Amino acid sequence: MPRLSVLFACLFFALSPASPTHAFELFGYHLWGEKAESEEDQNVGVPDPTPYTVEFRVTGENEEAPSDVEEELQSVSLLVQDVKKLPSGASGVLARATKDFERLIGKLYEDGYYGALVEIDVAGMPLNQAILHPEKITERPIPVLVVINRGPQFHFGSAEVSYEGPATKNGLDLPEAETLGLVESTPALSAKVLTAESQAVSFLKDEGYPFAKVADRQLLANHANRALKVKLRVNSGPYAKFGPVSVSGTVNMDPEFVRTYANLPRGAQWDANVISKAQRRLRDLEVFSSIRFEPADQLDPNGELPVTIVVAERPRKVFGLGANYSSNEGVGVEGYWRHRNLFGKAERLSVTGAVGQLLAVNNEQIEYAARITFEKPGAIGPLTAFSTSVAAVQENPDNYRSTSFAYDTYLSRDFTPALSGRIGAEVYFANERDVFGNNDYFLLGIPADLTYDTRNDTLNPTHGIEAKLFFEPAYDVLGDTENLYSQGSIASYLPIVGTDRVVLAGRVSAGAIIAPAVQDVPAARRFFLGGGGTIRGYAYKNVGPRINDEVTGGRSFMLFNGEVRTRITETVGLVGFVDAGAAYSTQFPNFDEPLSVGVGGGVRYFTPVGPLRLDVGVPLEPQRNDPPFAVYIGLSQAF
């Protein structure tokens with residue numbers, strides 16, 4: 001997006017299913033999330049609220065400053081985490097201590113410490129004695145002492161995974177213990193055992209055995225050699241095929257469409273992956289708040305397993321409002337209205353609008369965009385969708401003014417969960433005024449694009465790749481010229497500390513327009529750089545080839561973006577970035593123009609709907625109209 005949007009009010013999220021949120025208050029006003037309770041509020045309604053103190057020790061650790069190990073153990077301790085939520089009487093403290101004993105042992109086993117010793121004293125008595133004689137607990141606050149001796153970490157000894165049931169007779173290459181991660185002499189984390197079980201069961205479910213389960217688990221810890229011996233027995237259950245599909249819970253949706261769109265192949269071998277893909281496909285319709293696939297308890301006489309799809313529908317109509325700001329692009333507002341299920345088959349009608357540069361002195365400088373879009377999923381089978389839209393746009397950056405009307409229609413298809421593509425037709429008319437004078441353009445085009453996306457999160461990706469490729473051959477009826485528009489980009493994300501503590505993000509973009517001359521391309525379709533979406537710090541669309549110091553836009557460009565993203569706390573992060581690029585008047589980049597470079601940094605505040613972003617960019621070689629620095633506020637990462 002060329003402009004970075006900051007979300008002030010979005011009713012779309014208000015109407016979506018509730019999710020855990022972080023509380024946020026500003027100048028005493030509660031904005032979102034669950035408001036933090038005061039200590040008095042937390043204890044309202046608790047009979048005999050009883051205070052206690054906790055002393056937490058891990059043998060061998062630094063008593064002056066808690067180590068990472070001690071902090072991890074404290075994070076699972078209810079005695080520590082809920083110390084301000086006073087329990088009811090001494091019995092409440094004892095109940096909490098008993099739960100802590102189980103939770104701490106579980107955490108230690110999870111980390112491979114099977115010889116660990118956890119001792120909890122309450123009011124100077126061991127926990128088991130305190131439970132027998134609660135009347136002896138008279139001191140207030142009640143002193144609680146937790147002492148943990150982790151002992152040595154265990155490693156896997158011999159590991160064996162055996163199978164029983166029909167799957168053993170079908171020639172399957174069943175995964176062995178080492179394949180499942182149970183490798184001798186490696187740390188014996190209990191999570192590895194659970195993962196091995198899950199992988200063995202998932203393998204069988206993907207191969208046609210939906211009732212596969214772990215029939216027996218034997219774990220033997222040898223304290224003499226600190227080894228954990230593992231024996232797992234997995235029962236495959238009967239072989240199954242996909243059976244008849246029924247749908248439950250629909251109100252406005254056509255249940256037959258849901259069944260067809262899920263595309264479960266009756267008579268084919270049962271495969272849990274097919275179920276996952278069908279669930280994701282239905283979720284992407286944005287019609288349902290919940291989707292469950294419930295297989296029957298047993299096979300039918302044909303060896304098929306019936307499936308019921310249980311859904312709950314979301315409100316059909318939704319609208320949202322937003323605003324955007326940058327110091328060199330001004331203030332804008334935007335909004336949308338959407339009907340998510342127009343005729344009962346997830347047809348979507350959307351009306352979107354935006355107005356920019358609201359603080360412009362001259363009304364002619366105000367920008368606007370309006371679009372009406374109709375989308376029909378499952379137009380040609382469940383994997384192909386149809387869409388059509390009509391739009392009116394007026395752009396008015398410093399170097400041109402464009403008023404355009406466009407109509408397009410597309411067929412789009414998901415080839416895999418990561419790969420999707422579109423092809424369509426477009427009619428585009430534009431009236432423009434720029435350094436080349438007043439010109440009209442009337443294009444007939446055939447746009448097509450491919451997208452490959454393995455990012456884990458579209459608003460805050462920490463790993464994965466996003467690659468885009470776009471082509472459009474077009475004919476200008478008024479100018480009698482043939483043009484070919486092309487553009488591509490690839491972005492990659494690599495965590496180097498933890499899963500998201502420090503992330504390297506990079507993007508490379510390039511484009512080329514095959515056309516007789518720059519003036520044969522509508523200004524709104526030429527390549528301009530500068531601004532929040534390209535090179536931060538420079539004025540919006542102020543980087544490119546110039547005539548008489550006026551930026552004309554180019555027929556080709558190169559762009560490089562790099563960021564180091566750090567997460568300081570759960571809600572706050574810092575970013576440093578470098579952006580560099582250039583646009584050229586030639587059909588392909590010739591590198592005659594030096595790269596314009598912008599550097600800067602920013603702050604991220606992580607919310608349930610994505611990170612709020614504040615960036616400050618500085619142009620290293622500013623040109624005319626470029627500011628000394630630029631500020632950008634938005635929702636989501638920059639790319």
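Among contacts in the chain (heavy atoms within 4.5 Å) between residues at least 6 apart in sequence, 60% join residues at least 24 apart. The model is a predicted one, in which local features need pLDDT of at least 70 and side-chain atom pairs count only at pLDDT 80 or more, while totals for chains, interfaces and linings use all residues. Residues are numbered from 1 along each chain as its sequence is written, and side-chain values use heavy atoms, with hydrogens and water left out.

The secondary structure comprises nine helices and 32 strands, taken as DSSP runs numbered from the N terminus (helices H or I, at least four residues; strands E, at least two). Along the principal axes, the C-alpha atoms fill a box of roughly 95 × 65 × 50 Å. Of the 639 residues of the chain, 41% count as buried, that is, under 20% relative accessible area with a 1.4 Å probe and protein chains only.

Helix α9 covers residues 272-283, and its end C-alpha atoms are 17 Å apart, which agrees with the 16 Å that its twelve residues should span at 1.5 Å a residue, the expected span being 1.5 Å times one less than the number of residues. The buried residues of α9 are Ile275, Ala278, Arg281 and Leu282. Because these residues cover an arc of only 125 degrees around the axis, they lie on the same side of α9, the arc being that of the directions from the helix axis to the C-beta atoms. The buried residues of α9 pack against β11 (241-248), α8 (255-262), β12 (288-295) and β13 (304-313).

Key:
Buried means under 20% relative accessible area, exposed over 50%, partly exposed in between (1.4 Å probe, protein chains only).
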